[in-house]
Amino acid sequence: MSEYTNVEKPAIEALQAMGYRYLTAKQIDKLREDEHFVLLRDQVVDAVMRINDVPRVTAESVYGGLVSLKENEKWFERFRGNFSKKVSGESTHSTIRLLDFEHLENNEWVVTRQLRVKGPGGTIKPDIAIYVNGIPLVVLEAKDTNVDVKEGFYQMERYMEQAPRLFASNVFNIATNSRRFRYAATGAPWQFWFHWRDPWPRRESEFKTAMHKGLWATLEPSRLLDLIAHFIVFERDEKSQKVVKKICRYQQFRAVNKMVERVCGGEHRKGLIWHTQGSGKSLTMAFATLKFKFHRGIEHPALKNPNILVVTDRRDLDAQITNTFKACGLPNPKHARSIEKLREYLEQDSPGRTITSTIFKFDQDDRRLNSDSMRERREAMQELAIDDSERWILLIDECHRTQEELLGAYLRATLPDAVYFGFTGTPVKKNDKNTYANFGVPGEKYLDKYGIDQAVKDKATVEVRYTARMSQWHLHDTELDETFERWFAHEPPETVEAIKERGVRKSDLARLETRIAMIAEDMWEHYRTQIMPDGYKAQVVAIDREAVVTYKKALDDAISKWFVEEEGLDEEEARQRAEQMSAPIYSPSQNDQTKHRQIYDFQLSDHEQKEAIKTFRNPEGDLKFLIVCDKLLTGFDAPVEQVMYLDKGLSDHNLLQAIARTNRRFQGKPYGLIVDYYGVTKNLKEALSAYRDEDVRGAMKDEEGLLATLADAHREVMAMVDDEAGRDPVEAVNALGGEDQWYLFRRRAKEFIDLYAALLPNRETIPYEPDVRLLGQMMLWGKDKWEHEQPDLNFKEYSEKIREMLRRHVEVTGIAEICKLRGLDDPMFWDDFNKEPEDLETAAVRKLTELKKVVREKSQQNEQRYEKFSERIKELIESFQLGLFDENEAMERAEELSRDLQREEQAYQSTSLSEEAYGIFRILEESLATVGTAPSEPLTDQSAVYGEALAEAIDALYLSDEDAPSRWQDKSALRKKLRQKVRHILIKEGIDDWKGLPEKIEKFARSHYAKD
């Protein structure tokens, strides 16, 4: 009841205040055909007639087409008006709109709760559903305030599997416990369930809770329509054709709408946007283009078919943005591959063009620009300008790099009256007056800012840390001569003299083979022990191409040596495996073959480089290291990369660009890491001195400094562990005292253990190890006691570096045995009932958890048969947690429920059916009421016999090797034929209420009739 009182009810009230009409689930049921259907027929038909001014017969035909529409992307085409139909009585097709973006009041806004939907995997009842014009658009799962909001995500995953029809038209989903609010595109994994932090243009202080803020930000009618129209894309991989649905983050929504306001305002025709690297800048440009081109809901002359030009300063960025636009379905983006093509695209007369180009395509070869006559030069410059340049909106990526040069002048001469939006992934330098002058407005630094710290806080990117390794090899100007004498003592005298004569350079030391060999050994040891166990990859940054080749050879030597000594491989196989683990990536030079033979020998062709990068990006690929000097330090996106081994002097934006290669989120990656062999981070403040402190705060954090954070985290969590409990994890969890304390403890323990894992193998972590083991045990037992969920005995959520330690410890101490859950068929399951346990509370907690697991598993296979047990175990657990009865009564009720479960499992023995056929009979049971029995009454003997015959017929079908051959369960075509045959049996035998039964029976059969 508290979930409804604390979360559902306030959410519904907030939505009603925004203009939604509340309908009960019963009222909704009257508006749809049955519980398998999710569309509200009359509301859909009325809306189509109202919005499109078409006759009912046409609207009903539209509804008929929507009922069978399963693809989410196709639904969005309908939402956005990309659909036409022949209207009754007319000779031509007309556009059919399902939503009215121009007139909010022309749409019907409905919220309901506990909507019951039947699907092939069972029946679901989501907490809240949002309908617009009779179409379900958003599903919200509410959890009580003391429950982790992630539980709502797990629930949503089950909903989508069990009743996919509800999610065919889905825009996005929400999980909230009032204190936390997360939203995500349909089917997104947990890492892409976002917060909505900034309710721009309103202030956070205007909202009671995170839930109220999030509901307004995403579901206020005008904003929901804006999200549907402009801020959701379906990104398609060009090769695999796999489609990923993506929804904007709050900073993207905010920035794009500020840009649109600026264009419509007309006062300023420029703006500067800093969104830190890795936070989705290319997608922001895509969303901006969508809104500028379609601007559904906005009528303004400045948005009448504008032309969009996206400008970058690198070929890889140009290709990346072009591919993003194409993959996201933006209509007809033209990629200017030459100066001539760009000019041709710019001068075309058709409105609404979208062009991508590099800045270098604006270079001009008109001889008059170099004429001796100033008059001719000015005439040539005037002719650069295209007609109607005020109709152009420019999105210029990394605008601080090229716009102050001649190419920037050519760009502005070509499009003198355009609107200019500059984007940057790094902050603008504090003395960079030109970028602010070119793109900024007086008194405004940035039109929109999304800085490094905020991106990490939002988990849009991961934190980047740094650590200095082998400081004796760091390179500093003041020590060059002294270091040279020490390192080059064993080099050939002629080499030493030649270098001394021209002067010692850092590059001489950075390329030294003995130095690189030692670093490569250390690098491999660090990667092998700290990075590779968790499946992440690495980039090595060397000073130049020669050093890249030296690193490649040194890494091959270090890795193959390890394979021989530690893995026992022969030298040839070890060398072969080692060489596959790294690839050098650098640009060729014209004279390499004759003057730089070694560099030439290690060069990869363009095709080989592309294949290497593809393999590197693949988490399963053998390639673990990319070795570079200049390439892949900007614009390169490989989320699987966690560590960058830095052996090159970088500063300012070059350093910020490089370290951002490690900040992408990926499958639980806790942070990115820069391992510094060059000494860059020794004077980090100096390396980033060109920027304002507030702009680069948090760009990199010293890993050594995290030890203080670890100590604080340890102190906080251990303060919650009762001294009198000793080292007994069960006693320590029991002493927490309440559910609220458990959830606080769980969060603190997870933070501490993650920090501990991140700092291993730093020797300062050794004193914390016993407490890590204790906390790991407490997390297991607490999951049983307070959440009645099966604990993770494999510790999957933790780093591999500590999983084995925790697994081994829980086995040794016996906590694994306490937390191990047993089924009804395990004789030990009944031991707690047959003898007096030493700890009655522990036995009761474990028993309730075991029962919850057993019932859930059985319900997933056969919901009709075990639904009543789901309700009973839920009620039993809630009553026990509320203290309505003690451990003795909990055990008595648990035993009673267990015996009933056992009787239900054995019920088939009193019939002529096999256990599997009886399971089918129970699925059919509700529908057998159509044969002379009311649904609320027990089956008559006649109906029962009739049902058993039906179950035997279907049982025989799935047992038949002809109808259900080997591995039928894995072949969709065979499954479809079997469903058709089941449907034929049901209809032939007079089962009127057969819809949904073939799918339910198939789900049961895949568990009980599967064949190898």
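A charge counts as sitting over a ring if NZ of Lys or CZ of Arg is within 6 Å of the ring centre and within 35 degrees of the ring normal. That is the case for Arg-465, whose charged end sits over the ring of Tyr-671, 4.1 Å from its centre.

A word on the ground rules. The model is a predicted one, so local features need pLDDT of at least 70 and side-chain atom pairs count only at pLDDT 80 or more, while totals for chains, interfaces and linings use all residues. Residues are numbered from 1 along each chain as its sequence is written, and side-chain values use heavy atoms, with hydrogens and water left out.

Next come the strands and helices, which are DSSP runs numbered from the N terminus (H or I over at least four residues for helices, E over at least two for strands). Two strands pair if DSSP finds at least two bridges between them. Seven strands make up an open, parallel sheet, in the order β22-β23-β21-β24-β25-β20-β26. β22 (582-585) and β26 (701-702) sit at the edges with a single partner strand each, so one side of each has no neighbour in the sheet. Inside this sheet, β21 (residues 537-541) and β23 (residues 625-628) are joined in parallel by four bridges, with Val-540 opposite Ile-627 of β23. Helix α21 (residues 545-567) lies across β21, β22 and β23, at about 155° to β23; axes here are lines fitted to C-alpha atoms, for helices over the stretch in contact, and angles run from 0 to 180 degrees between N-to-C directions.

Asp-647 is found in the loop between β24 (641-646) and α26 (652-659). With 2% relative accessibility, Asp-647 is buried (buried means under 20% relative accessible area, exposed over 50%, partly exposed in between, with a 1.4 Å probe and protein chains only). Its side chain makes polar contacts with the side chains of Arg-515 (2.7 Å) and Tyr-551 (2.7 Å). A polar contact is a pair of N or O atoms within 3.5 Å; within protein, one must be able to donate a hydrogen and the other to accept it, and residues adjacent in sequence count only if both atoms are side-chain atoms. Beyond four places in sequence, Asp-647 also has contacts (heavy atoms within 4.5 Å) with residues including Ala-510, Ile-519 and Tyr-677.

Another part of the chain holds β7 (128-132) and β8 (135-142). These two strands pair in the antiparallel sense over five bridges, forming a hairpin with two residues between them, where Asn-133 in the turn has a positive phi of about 55°. On its other pairing, β8 runs parallel to β9 over five bridges, and Glu-141 has Ala-175 as its bridge partner in β9. Eight of the eight residues of β8 are buried, so β8 is largely enclosed by the rest of the structure. Helix α7 (residues 210-219) is largely enclosed too, because nine of its ten residues are buried. Those buried residues pack against β7, β8, β9 and β10, among others.

Aromatic rings turn up here as well. Phe-172 and Tyr-183 are both buried, and they belong to one aromatic cluster that includes Phe-192, Trp-196 and Phe-231.

Technical notes
Phe/Tyr/Trp six-rings, centres within 6.5 Å; stacked < 30°, edge-to-face > 60°.
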